[in-house]
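Good morning, colleagues. Please look at the sequence and the model first.

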Amino acid sequence: MPGWLIALLAAASGMTVANLYYAQPLLSSFRDVFHLSTAAAGWLITLTQIGYVIGMLFLVPLGDRLEKRGLITALLTVTTLALVAAGLATNFPVLLIASLISGSTSVVAQILVPFAASLAPDHARGRIVGRVMSGLLTGILLSRTLSSLVSDVAGWRVVYLGSAVLMALLALTLRSALPQHAPTTTIPYVRVLHSTLRLIRVHPALLRRSLYQAAMFGAFSAFWTTISYVLTGPGFRYSPIGVGIFALVGAAGAAVAPLAGQWADRKLTRPMTGAAFVLAALAFALAGLGRHHIVLIALAAIVLDMTVQATLILGQHTIYQLDPHARARLNSAFIATFFLGGALGSQLGSLTYHSGGWTAVTALGAALPVLALLYWLTEHRRATERRAAHSAG
């Protein structure tokens with residue numbers, strides 16, 4: 001793969017997935033503008049992520065069934081229109097519906113990642129996917145800062161309308177720059193969907209890695225959905241631009257993506273996954289202790305983002321090895337499962353903060369990677385049992 005194509009795929013992935021996160025630092029603003037409770041405002045993040053799950057289940061599998069370049073162009077066109085509707089929304093229900101639609105079509109990022117995996121040579125697949133994912137993850141992290149800065153200067157509507165312009169330009173760029181990529185299957189669409197579910201049954205590693213990431217992304221979403229309330233509240237009284245500057249600290253976590261790809265290529269997937277679970281739980285403990293200390297919360301954010309990104313890269317590298325002809329469907333099942341975890345984490349985080357404050361949120365966040373770690377320990381036990389059975393045979 002030429003370097004410019006890897007860079008383009010990374011940038012495109014980051015720009016499209018950013019649509020899911022622009023609203024996170026603006027929740028306190030939406031709460032005031034539309035006269036909402038904290039829990040009600042949190043539904044904007046939850047429904048956007050549910051839309052992403054819908055897109056992963058029903059649109060991403062088409063990446064194996066249709067020519068990818070045309071599919072990407074069509075999805076970006078719908079995303080553009082939905083973002084325009086969000087930017088012009090006069091009430092919260094309209095904003096919710098538009099966000100649900102834009103969330104479902106922003107799955108373009110998850111068509112581009114397996115596209116990169118298909119083009120990459122076997123010996124460098126982890127490294128190349130890591131580079132593309134670093135762009136995607138940078139988009140997630142910088143989206144909060146960008147939306148805060150733009151909202152503070154020009155208002156929240158410009159955040160959505162500006163993204164609509166970016167999506168239109170991106171559709172034209174990808175249409176002209178991407179190579180045509182033929183479908184990898186000709187089976188009917190309904191059978192494509194059915195085969196996606198079958199992959200979960202056939203490949204236990206797919207289900208396991210999906211549940212790992214659901215726990216990690218639930219913790220990640222709980223943190224970033226509620227942190228704006230903490231920073232704009234009595235303890236810190238940050239402005240929207242202050243929240244945006246804080247969100248920049250998480251961008252440091254994107255540096256781990258290429259490293260995670262190298263770990264995967266060196267067969268270190270399992271030990272690094274366990275280490276990530278431990279560090280994520282410790283990050284929430286640090287965030288809880290640093291309730292009134294911004295430096296400790298910032299360090300917790302960096303560590304949390306690094307661990308979530310590491311497990312994501314390691315998980316995708318694992319599932320892409322399962323079936324080279326079904327990478328879009330494997331990715332569909334993987335991302336849909338963990339985004340359900342993210343949607344649940346967002347809503348639980350909002351409810352927990354409403355009822356128990358930041359301390360309760362950090363307890364919730366720490367519990368999720370601990371549960372993943374306990375499940376990870378069963379992986380070791382089963383591997384030991386298989387080796388024992390093989391030796392006995």
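**Cavities and a surface patch**

Helices α3 (38-58) and α6 (92-105) each contribute at least two residues to the lining of the second largest cavity; helices here are DSSP runs of H or I with at least four residues, numbered from the N terminus. The model is predicted, so local features need pLDDT of at least 70 and side-chain atom pairs pLDDT 80 or more, while totals for chains, interfaces and linings use all residues. Residues are numbered from 1 along each chain as its sequence is written, and side-chain values use heavy atoms, without hydrogens and water.

A cavity is a set of points on a 1 Å grid over the protein atoms alone where a 1.4 Å probe fits but cannot get out, and lining residues have an atom within 4 Å of a point. The second largest cavity holds about 60 Å³, and its lining includes N19, L44 and Y160.

The largest cavity has a volume of about 120 Å³. It is lined by 16 residues, of which Y21, L137, I140, F217 and L312 are the closest to its centre. Helices α8 (125-154), α11 (204-232), α15 (294-320) and α16 (327-392) each supply at least two lining residues.

At the surface, I54, L57, F58, Y189 and V190 form a nonpolar patch with about 440 Å² of accessible area together. For such a patch, residues have over 30% relative accessible area and no salt bridge, and nonpolar side chains are joined within 5 Å. Helix α3 gives the largest share, 3 residues. L57 lies in α3 and is partly exposed, at 33% relative accessible area (between 20% and 50%, with a 1.4 Å probe and protein chains only).

Key:
On a 1 Å grid over the protein atoms alone, a cavity is a set of points where a 1.4 Å probe fits but cannot get out, and a pocket is an open set with protein on both sides within 12 Å along at least five of seven lines; lining residues have an atom within 4 Å of a point. Grid points are joined across faces, edges and corners, and a volume is the space filled by probe spheres set on the points. Patches are made of residues with over 30% relative accessible area and no salt bridge: like charges are joined within 9 Å, nonpolar side chains (Val, Leu, Ile, Met, Phe, Trp, Tyr) within 5 Å. Accessible areas come from the Shrake-Rupley method with a 1.4 Å probe; for residues, only the protein chains shown count as cover. A salt bridge is a side-chain nitrogen of Lys or Arg within 4 Å of a carboxyl oxygen of Asp or Glu.
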